[in-house]
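Dear colleague,

Please read them with the model open beside you.

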Amino acid sequence: ATLAWRREELAQRPRHPLTRGLAEASAGSQAAVAPLREACAALLRFAQQDSVESMDQLISPLARAADGLVRARARGAGPAISPRALAAARLVFAARDWLRFARPERAWLPLDLLARAGVDRAGAVGSVPVVTALLRGLCDAMADVPARDLRGIDGARVAAARTWAARMAGAPRALLDGRLAAPHVALVFGLWRVGRRR
């Protein structure tokens, strides 16, 4: 419902102060808000899915949404981070709360991962093979980003997601039990420095 409302706000005359401000800043240009409208539409289609068959079906709609957001932020300069890597990073952050991420009534877990692990959606909540396969797929999606491109806010997100994915993969049982601690505070400052680089 929220995504549908946001898409309507971006497509018509805005009512909310934030979208009104965006419309005024872009002088009513539809080209300026088009990437955000595309992002809302992609996320809305994803939210309406009953199930996801593969890792590609999980990452691709979120990558389309990320592409719109990155283009809106970059104002035509071209993204340094691939939308696919950024989508995978966001999924890693969501998976940190595994019990919520893997709830049986949600469509986050690809069915092919469940089939290979020999579990249903309810069994996936406590399945180490499902966690491992999901993290492997997400890491593969972030692998093509060179270290030199890990700058700005998007680069910092991917760098942090890589760190989190390694931590989660190294302690899958702690993740499943909800006991995975946050990385050391030095990592936060390191990522902040990465994010400040232009």
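How many aromatic pairs does the count come to? Taking rings of Phe, Tyr and Trp (its six-membered ring) as paired if their centres lie within 6.5 Å, with planes under 30 degrees apart called stacked, over 60 edge-to-face and the rest tilted, the count comes to 2 aromatic pairs. The rings of Phe 101 and Trp 108 have centres 5.4 Å apart and planes at 25 degrees, so this pair is stacked. Ring pairs also link Trp 98 with Phe 101 and Trp 108 into a cluster.

Before going further, please note that this is a predicted model, in which local features need pLDDT of at least 70 and side-chain atom pairs count only at pLDDT 80 or more, while totals for chains, interfaces and linings use all residues. Residues are numbered from 1 along each chain as its sequence is written, and side-chain values use heavy atoms, with hydrogens and water left out.

As to burial (buried being under 20% relative accessible area, exposed over 50% and partly exposed in between, with a 1.4 Å probe and protein chains only), Phe 101 is buried at 2%, and Trp 108 is buried at 16%. Of the 198 residues of the protein, 40% count as buried.

Phe 101 and Trp 108 also belong to the lining of the largest cavity, together with Ala 102, Arg 103, Pro 104, Arg 106, Leu 109 and Arg 121. A cavity here is a set of points on a 1 Å grid over the protein atoms alone where a 1.4 Å probe fits but cannot get out, and lining residues have an atom within 4 Å of a point; the volume is the space filled by probe spheres set on the points, which are joined across faces, edges and corners. The search of the whole structure finds 1 cavity of 30 Å³ or more, and the largest cavity has a volume of about 40 Å³.

On the fold, the protein has 12 helices and 0 strands, where helices (H or I, at least four residues) and strands (E, at least two) are DSSP runs numbered from the N terminus. Ile 81 lies in the loop between helix H4 (55-74) and helix H5 (83-95), and at 3% relative accessibility Ile 81 counts as buried. Leaving aside neighbours within four places in sequence, Ile 81 is in contact (heavy atoms within 4.5 Å) with residues including Leu 86, Val 145, Asp 149 and Val 158.

With best regards

Methods. 1 Å grid on protein atoms, 1.4 Å probe; cavity = no way out; pocket = protein on both sides within 12 Å on 5 of 7 lines; lining within 4 Å.
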